[in-house]
Amino acid sequence: MAEVMKYTFALWWAFILSGVCTGQSLISSSQLLAASRLEPAYTIQGQHLAYIDDVDAHLPYINQISLRTQTDRFDPARQEYALRFNFNGLSEISKTNDVQQSDVSSKAGVQRLYLQESLLRRYEGLASYHYRLQRLAIERELKQLYADKANVLKKRGLLDAETDVDEFIKNEFDLDQIDLDIAEDESRLDYNVQIMKAITPSIQGEWLPDTTGFITIPQIEVQLSQFSDTINHHPQLAIRQAKASEIDAEYALEKAKSNQVLDFVQVRYANVPNLQDLNRELSLGFSFLMPFNGTSQLKMKELLIEKDEAYQNMLLYQNDLTERTTRARLKLEALLRQHHLAAKQLEEHQNRFNLDEGLLPMEDAALLLLSARELQLKRQLNLLSLENDIMDEYIGLLDLTGLLSAMPSVNYLSSGLETY
């Protein structure tokens, strides 16, 4: 009987797919996930990063070149000239590059955050769509069952058999209720499709998601045993780390500026009248900075405070993320244990039904068979609801650990965990 149930469920699911897919193409979950890289937020940020890479923003060694002139003794014939070269220190150049690289890392983290948020929407949409398809398959079977039950009750009434009016009324109510449930799930299914189309404008035409080859609950259990509780992949954490590193680099830059020794080099031409000796008219001068800069010292202290605050914020977020990840894992493990129990109960009740089927009285056989099947279908709905909760926690855990957007890109909704 269990095999018959699986076969019937598969037929219903195929029927739903064939009905909704008429004239529409099927888009795999991997294609939908890959399309997240085409969303505007991700692409615009990528263009900005490419622009930064193309622009040469390195600090040059020579900071400024100036030509100075002055008149000696108010005599235009004794006009003096000086060519001055201001320099940036080698350490200052290096630290400036570090600041820029930290800023790029922070922007790259923001781009990855956009990708993660986009992927999360698609994961949730695909999981909800897959769940609604399965619910509809069972609900349609329940609707047919209630219709059959109504026919049996009517026939019993025509034969003047003992007919339970309350049972007939209850069955009519159940039939109306299942119609409402089907209408609700069909609406939610259509809503899922429209939302996924709205966030995936890159895929043109009429299409529907293809959730065949979806990951199963036993496979999720295997995945959970292989998951690491590390949160280092999460883009929000990477952004905070980059921000702390950027402030650290700014502090190192300010320190390098305060330690700069050479200020400028100057070549001076005295232009003394009636003197043709360049050795006496040309001179070379140097300017050296003293190892003290009050403004720079204040700036460095302010940066130290900002740096400590950034690191504290990063640690607080890291602790919060670790705690949330632990809670999500524990909840998922509890749901999996409940699923084991519910699946076992479903199987035991089905086996008991198989054993008792031949002992049923002939006059009550039809109604009892339908009632037993009704209970089995309702147990399947409960089990399916539990599986949906497991899927939600599974996706939440993928989000918390940052695996959604980690490289290489893996489709954690596919049974084969294929890359895309």
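A helix is here a DSSP run of H or I with at least four residues, numbered from the N terminus. The exercises below concern a predicted model.

**Exercise 1. Identify the residue with which D185 forms a salt bridge, and state which helices the pair links.**

Solution. 
1. The partner of D185 is R132, and the closest N and O atoms are 2.4 Å apart.
2. D185 lies in helix α5, whereas R132 lies in helix α4 (residues 90-158). The two are 53 residues apart, and the pair links distant parts of the chain.
3. Both D185 and R132 are buried.
4. The pair also takes part in a network of salt bridges that links R132, R135, E139 and D185.
5. The buried residues of α5 include, besides D185, L175, I178, I182 and L189. Helix α5 itself comprises residues 165-198 and reaches 50 Å from its first C-alpha to its last, close to the expected 50 Å.

**Exercise 2. Explain why the salt bridge between K149 and E167 ties together separate parts of the sequence, and classify the exposure of each residue.**

Solution. 
1. The closest N and O atoms of K149 and E167 are 3.9 Å apart. The cut-off for a salt bridge is within 4 Å, so the pair qualifies.
2. K149 is in helix α4 and E167 in helix α5, so the bridge joins parts that are 18 residues apart in sequence.
3. Buried means under 20% relative accessible area. K149 has 8% and therefore counts as buried, while E167 has 25% and counts as partly exposed.

**Exercise 3. Name the residues that gather with E309 in a patch of negative charge, and locate E309.**

Solution. 
1. The patch lies on the surface and contains E302, E306 and D308 together with E309.
2. E309 is found in helix α9.
3. With a relative accessible area of 48%, E309 is partly exposed.

Terms used:
Residues are numbered from 1 along each chain as its sequence is written. This is a predicted model: local features need pLDDT of at least 70, side-chain atom pairs count only at pLDDT 80 or more; totals for chains, interfaces and linings use all residues. Side-chain values use heavy atoms; hydrogens and water are left out. The expected span of a helix is 1.5 Å times one less than its number of residues. Buried means under 20% relative accessible area, exposed over 50%, partly exposed in between (1.4 Å probe, protein chains only). A salt bridge is a side-chain nitrogen of Lys or Arg within 4 Å of a carboxyl oxygen of Asp or Glu. Patches are made of residues with over 30% relative accessible area and no salt bridge: like charges are joined within 9 Å, nonpolar side chains (Val, Leu, Ile, Met, Phe, Trp, Tyr) within 5 Å. Accessible areas come from the Shrake-Rupley method with a 1.4 Å probe; for residues, only the protein chains shown count as cover. Lys and Arg count as positive and Asp and Glu as negative; His and the chain ends are not counted. The place of a charge is taken as NZ of Lys, CZ of Arg, CG of Asp or CD of Glu.
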